[in-house]
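Okay, thanks for making time, everyone.

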Amino acid sequence: MQRANVSALAGMLQQHCPRCRTGKIFRKSLFLFPDMHEWCPACDLKFEREPGYFLGTMYIGYGLALVTIAILSSLLWWFFRWQIQNAVIGGAVLFLPFAPFLTVMARILWIYLDQSIDPDKSEK
Ligand SMILES: [Zn+2]
């Protein structure tokens, strides 16, 4: 299977498979958290390689959440001159609408990280 001529960053942002960069990782869904394909529709890469595979996404999601809350808290502190405790609480509350997006991005980052370290070379 030939990989599409797309950078890893563009592939992640478009939610494409890390191996072929054409198949979508997620199905469209009416809910906030979209359904994930079990296999890549284009190259048949199995996204969840083993049970518990996505436990590592917690670390990435935690890091993304901390960075987001820090940025939002800093903005509140900078613009409104709130006390730091209030700015952190406000940043955590403002973070909540971003949580589903960051959860999806954490999974995509995890799949790309895993495929860059230990690529699945099995073919269709
Ligand atoms: Zn693929």
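So, how do α2 and α4 lie relative to each other: parallel, antiparallel, perpendicular or oblique? Before I answer, a word on what you're looking at: it's a predicted model, where local features need pLDDT of at least 70, side-chain atom pairs count only at pLDDT 80 or more, and totals for chains, interfaces and linings use all residues. Numbering starts from 1 along each chain as its sequence is written.

Helix α2 is residues 57-80 and helix α4 is residues 99-117, and they pack at about 130° with axes 8 Å apart. Axes here are lines fitted to C-alpha atoms, for helices over the stretch in contact, and angles run from 0 to 180 degrees between N-to-C directions. Under 35 degrees counts as roughly parallel, over 145 as roughly antiparallel, 65 to 115 as roughly perpendicular, and the rest as oblique. So α2 and α4 are oblique to each other.

Who's touching whom? On the α2 side we have T57, I60, G61, L64, A65 and T68, and they meet L102, T103, M105, A106, R107, L109 and W110 in α4. Contact means C-beta atoms, placed from the backbone, within 7 Å. By class, that's 8 nonpolar, 4 polar and 1 charged. For the classes, Ala, Val, Leu, Ile, Met, Phe, Trp, Tyr, Cys and Pro are nonpolar, Asp, Glu, Lys and Arg are charged, and the others, Gly among them, are polar.

Now the other partner. Helix α3, residues 84-95, crosses α2 at roughly 125°, the axes coming within 8 Å. That makes this pair oblique, α2 to α3. From α2 the contact uses A65, T68, I69, L72, S73, L76 and W77, and from α3 it uses I84, A87, V88, G90, G91, A92, L94 and F95. The α2–α3 contact comes out at 11 nonpolar, 4 polar and no charged residues.

Zooming out, the chain has 4 helices and 0 strands. Those are DSSP runs numbered from the N terminus, H or I of at least four residues for helices and E of at least two for strands.

As for the overall shape, the C-alpha atoms fill a box of roughly 55 × 25 × 25 Å along the principal axes. And of the 124 residues, 19% count as buried, meaning 20 or more other C-beta atoms, placed from the backbone, lie within 10 Å of the residue's own.

That's it from me, happy to discuss.

Conventions: Contact = placed C-beta atoms within 7 Å. Buried ≥ 20, exposed ≤ 12 C-beta atoms within 10 Å, placed from the backbone.
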